[in-house]
Every structure is written in C-alpha cells, then in structure tokens.
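Dear colleague,

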Amino acid sequence: MTMTLISAADLAERLDSPDVRVFDVRHDLTNHAAGRQAYEAGHIPGARYLDHETELAAPRTGTNGRHPLPSREAFGALMAAHGVTPRTLVVAYDASGGMYAAHLWWMLRWLGHGQVAVLDGGWQAWVAAGLPTTAEPAPAPARLETTAEPGAALAGTVDAQAVLDNIARPSFTVIDARAANRYRGEVEPMDPVAGHIPGALNRPNGENLQADGRFKPAGQLREEFASLLDGRDPAAIVHQCGSGITACHNLLSMEIAGLSGSRLYPGSWSEWCSDPSRPVAKGA
C-alpha cells in the first residue's frame, strides 16, 4: 500500500529513529527567502531544509516551466547526501496545506522511493500539538563521491508533446489543480498567459483539505474525485497546475482516496504557455 500521510503524534514517536529523515519544505512562491527564514526561526528537531527553487528544481530555460524537474540522478544524489537510503522513512512538511510537501512526496516516488509520507496538517499541526521545536540547524548534507542509482519509478510523467497530441486524439484526461479563476483565465498572477489546456478539468487543490488544514478523510476524497472523474480510470488521468507543484497535492489526494495510477505533467501551465503555438482555452 502506498504511504501517504503521517500524524504529528505518530511522527513525534518516530523522531529519534535513525531510519527516519524529516524534510522542511516550507516555501512561498512570491518570496523565495521566506521558507528558509521560517526554518531558521524554528523547525521540527532534526528536520533538514530543502529549497524548492534551488534544490528541487533544475535550471530554467524560459521554455521548461518555473519548476522543471531535476534529473533523477541529481535528485537521487541530493537525497543520498542527506542520508536517505532504501530503508529510510522520509517525512515532508510545510506550512501551506501540504502543497510543497506533496511535491517532495511525489518526487521521491518518481525516484523509486516508496517510504515517504506527508505530515498531515504540516507545521501548524505540529505546533498546535505542543510538540518540541528548535532553531538549531541540522547537519549539512554529506559530500558523496558516487551518485546513488535511482530505483524503478513509482510515479509517471508525460511531457508537453504528449499533452498536445492528446488534444486531438484523447487517451487521458488532464486535471488542473489551480484556483478556478486562474483555470478560467480570469486572472493570472504567475505566468504571462491566462487560461488552461483545452479539455482539462479543474480541481483546485485547496478543495482537498478540511478547515483545520488536514486532508479530508479518504472516503470523502474518493467520493469527490469519483464525481469529477465520472467513470474515468485513475490511470488515464494526468495532473497539472502552474509549475508542477500543486498538481502533486491532487496526486497525493487521489492516492489517499485509493485512486492510484495517475501521472504528472511536470512543466504544467508555465511550460505550456511559453510556446505561443500551443492552444489555450478560457472559461469553464
């Protein structure tokens, strides 16, 4: 069974285990310094900080999206440098309802590492439970002479050409995780073009959460996604968002719901709209 969520109480019980590695991935897309500043002010003891702009993304070319995936070899080397082995339970947390943590969760599965979970409720749930925090930095990652070999990927991707070809000859359905007004093309705060991929459905990732910031129960998520899928096979679903991050929140939510097998379009809207020849749809 795919690992998905871990509670603050369960993580607290495992925190001293040498086979647990916690990553703080707090981030702000409009203030890239905010995540590290938050980490330095206080974090879960032993947690290591990872930066979504500089460590969890490859160099940007202007046509490959705002958060292009690093190579599996480079990402595997990063995880190995932080002490992640095949037996390590990795736990990711943020302070944004799990959107950044879900991205790391997905990336580790893409690497072939199945022992990974998202802290349900994130930093807020940890603090609300009165659990210990620290401002002491974790050890720096090791300098490795060799690169860890990635395992067989547990999560799949499609590229822009596959999405383009799919418009004329549909074999999968795209689900867009952005807010409804961005999907409809009414506003676009992050990218130069507003709208969505023709044929895409919309499931704003915030709809996966309860009012307290924790994920909705599995049964509720299953019911909601089943309504959206309308009989479609989860394996015939491709998720996208603005740059491949919040789409992973929907991927995680479908896993929680027991609807496994969906893929990610990592470049997402920021890559798609960088080429003016690609079609754009607006409205509902």
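What follows is an account of the sheet, the helices around it, the nonpolar cores and the charged pairs.

Please bear in mind that this is a predicted model, in which local features need pLDDT of at least 70 and side-chain atom pairs count only at pLDDT 80 or more, whereas totals for chains, interfaces and linings use all residues. Residues are numbered from 1 along each chain as its sequence is written, and side-chain values use heavy atoms, with hydrogens and water left out.

To begin with the sheet, five strands form an open, parallel arrangement in the order β6-β10-β9-β7-β8. Strands here are DSSP runs of E with at least two residues, helices are runs of H or I with at least four residues, and both are numbered from the N terminus; two strands are taken to pair if DSSP finds at least two bridges between them. Because β6 (156–157) and β8 (201–202) stand at the edges with a single partner strand each, one side of each is left without a neighbour in the sheet. Strand β7 is joined to β9 by four bridges, the two running parallel, and the bridge partner of T173 in β9 is I237. With β8, strand β7 makes a parallel pairing over two bridges, where I175 stands opposite L201. Across β7 (173–176), β9 (237–240) and β10 lies helix α9 (residues 247–256), which runs at about 140° to β9; axes are lines fitted to C-alpha atoms, for helices over the stretch in contact, and angles run from 0 to 180 degrees between N-to-C directions.

Turning to helix α3 (residues 72–81), its buried residues are F75, G76, L78, M79, A80 and A81. The elements that cover these residues include β2 (20–24) and α4 (99–111), contact being defined as heavy atoms within 4.5 Å. Just after α3, G83 takes a positive phi of about 85°.

As for nonpolar cores (sets of buried Ala, Val, Leu, Ile, Met, Phe, Trp, Tyr and Cys residues joined through side-chain atoms within 4.5 Å), the largest has 43 residues, and those with the most contacts inside it are L50, L56, F75, M79, L104, W106 and L108. At least two residues of this core are supplied by each of α3, β4 (89–93), α4, β5 (116–119), α8 (218–229) and α9, with the largest share, eleven residues, coming from α4. Leaving aside residues up to four places away in sequence, L104 touches F23, V25, L50, L56, F75 and A92. Apart from this core lies another, of 15 residues, among them I6, A47, Y93 and A117.

The charged side chains deserve a separate look. A search of the whole structure finds 13 salt bridges, each being a side-chain nitrogen of Lys or Arg within 4 Å of a carboxyl oxygen of Asp or Glu. R184 forms one with E186, the closest N and O atoms being 2.6 Å apart; R184 is partly exposed, with a relative accessible area of 28%, while E186 is exposed at 52%. In another, E224 meets R203 with the closest N and O atoms 2.9 Å apart, and this pair links distant parts of the chain, since E224 belongs to helix α8 and R203 to the loop between β8 and α8, 21 residues apart. E224 is partly exposed, with a relative accessible area of 23%, whereas R203 is buried, at 6%. Salt bridges that share partners also join R66, D176, R178, R182, E188 and D191 into one network. Within that group, R182 and D191 meet at 3.8 Å, N to O, and both residues are buried.

Finally, where does R278 lie? R278 is found in the segment after α10 (268–272). R278 is buried yet has no salt bridge, and the nearest side chain of opposite charge, that of D275, is 4.0 Å away; Lys and Arg count as positive and Asp and Glu as negative, with His and the chain ends not counted. Residues up to four places away in sequence aside, R278 touches A160, E271 and W272.

With best wishes

Conventions
Buried < 20%, exposed > 50% of the residue type's maximum accessible area, 1.4 Å probe, protein only.
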